[in-house]
Amino acid sequence: MELPVGFKERMEGFLGKEEAGELFAQYEQEGRHLALRANTLKITPQELGEVLPFPLTPVEWCPEGFYYEEPARPGLHPFHEGGLYYIQEPSAMGVGVLAGARPGERVLDLCAAPGGKATYLAAAMENQGLLVANEIHPARARVLSQNMERMGVTNALVCNMSPQDLRRRLPGFFHRVVVDAPCSGEGMFRKSPAALEQWSMDNIRLCHSRQMEILEQADALLAPGGVLVYSTCTILPEENQQVVEAFLKQNKEFSLCPLVLPGDMGAEEGYRTFYPHKDGTDGFFIACLRRNQES
């Protein structure tokens, strides 16, 4: 894999040359860490392990998550069509874990397609309460609807709205808001050649601005005391730590939540970066923030 020169220079400046070299070497290795998540609306993780015809290895930070290895093709198995599991990048599963959605709550997944995080939220809610799964792009919203139906979700409303429209209609309505923001996508390098071709610092700056705008809309949708989970599939600080820090500086009613994942994964002051060379993932970032009760 020919990594963009600008990406390599940026990561060397951020991680140091030695650790950045370990990261680049991981990108150049063939194969990805493949995973799926048991859909507890239909089956327990233990039962899934017993019925699948290929071996599974637990994902440390997600009780419902499992790694699998090629040549297994779980996307072609009837159990996939039956909604017993969702094929999902392992670090992305951490969003559902940290969101902490509970039965009876009002929860929003603001950028929900194709549905991995939204279906996890619905399972955590045990199909009780209200889950609003929003996707601004119509074609992706249709895919989202299909996945919600396949997974047996019955407490969700799938929307095709802008964050601004939702903000006008449902201010301060949600106990929890998940924002898996559009990003430059270094976490897609091994999956999508387009992510490599489109990488540039100009695009990263554009993504930073878009992420800040989306978070400002999410802010207004969250009730006092509510939890906001922000995530991206990038590992660059401009779209991760710097976005969170800028948001906190502008919104004093928010603070970072203690970020604890199963398996004692550790955190970076309330947020967590998953690196390919450290965590066996494609690259991901999660931050968890809480709005003050008095706001």
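**Overall build**

I started with burial: of the 295 residues of the chain, 54% count as buried. For the record, buried means under 20% relative accessible area, exposed over 50%, and partly exposed in between, with a 1.4 Å probe and protein chains only.

Before going on, I noted what I was working with. This is a predicted model, where local features need pLDDT of at least 70, side-chain atom pairs count only at pLDDT 80 or more, and totals for chains, interfaces and linings use all residues. Residues are numbered from 1 along each chain as its sequence is written, and side-chain values use heavy atoms, with hydrogens and water left out.

Next I checked the overall dimensions. With 295 residues, a compact globule would have a radius of gyration near 19 Å, and the chain agrees with its 18 Å. That radius is taken over C-alpha atoms, and the globule rule is 2.2 Å times the number of residues to the power 0.38. I also looked up the span of the C-alpha trace along its principal axes, which is about 50 × 50 × 35 Å.

I counted secondary structure and got 12 helices and 12 strands. These are DSSP runs numbered from the N terminus: helices are H or I with at least four residues, strands are E with at least two.

Then came contacts, meaning heavy atoms within 4.5 Å. Taking those between residues at least 6 apart in sequence, I found that 74% join residues at least 24 apart.

For the surface, I noted an accessible area of about 13,100 Å², with 50% of it belonging to carbon and sulfur atoms. The areas come from the Shrake-Rupley method with a 1.4 Å probe, and for residues only the protein chains shown count as cover.

On charge, I have 27 positive and 39 negative side chains, the centres of the two sets lying 6 Å apart. Lys and Arg count as positive and Asp and Glu as negative, while His and the chain ends are not counted. Each charge is placed at NZ of Lys, CZ of Arg, CG of Asp or CD of Glu.

**Helix α1**

Which residues of α1 are buried? In this helix, residues 5–15, I found Phe7, Met11 and Leu15. Seen down the axis, they fall within an arc of 40°, so they line one face of the helix; the arc is that of the directions from the helix axis to the C-beta atoms. I reminded myself that an α-helix has 3.6 residues a turn, so residues three or four places apart point the same way.

The face turned away carries the exposed residues Val5, Glu9 and Gly13. Covering the buried residues of α1 are, among others, α2 (17–28) and α12 (276–279). Just after α1, Gly16 takes a positive phi of about 95°.

Most residues other than glycine have a negative phi, and most peptide bonds are trans. With that in mind, I went looking for exceptions.

I found a cis bond from Glu70 to Pro71, with omega near 15°. Pro71 sits in the loop between β3 (65–68) and α4 (78–81).

Another cis bond joins Ala113 and Pro114, with omega about 5°. Pro114 lies in the loop between β5 (106–109) and α6 (116–124) and is partly exposed at 39% relative accessibility. Leaving aside neighbours within four places in sequence, Pro114 touches Tyr86, Arg140, Val143, Leu144 and Asn147.

I then followed α6 itself. Of its 9 residues, 8 are buried, so α6 is largely enclosed by the rest of the structure; the buried ones include Gly116, Tyr120 and Leu121.

After α6, Glu126 has a positive phi near 55°, and this residue is partly exposed at 49%. Asn127, in the loop between α6 and β6, has a positive phi of about 60° although it is not a glycine.

**Two buried residues**

Is Asp219 buried or exposed? It is buried, with a relative accessible area of 8%. Asp219 belongs to helix α10 (residues 201–221), and beyond its neighbours within four places it contacts Phe247, Asn251, Glu253, Phe254 and Arg291.

My last entry is Phe284, in strand β12 (residues 284–291). Phe284 is buried at 4% relative accessible area. Phe284 and Glu89 are 195 residues apart in sequence, yet 9.4 Å apart in space, C-alpha to C-alpha.
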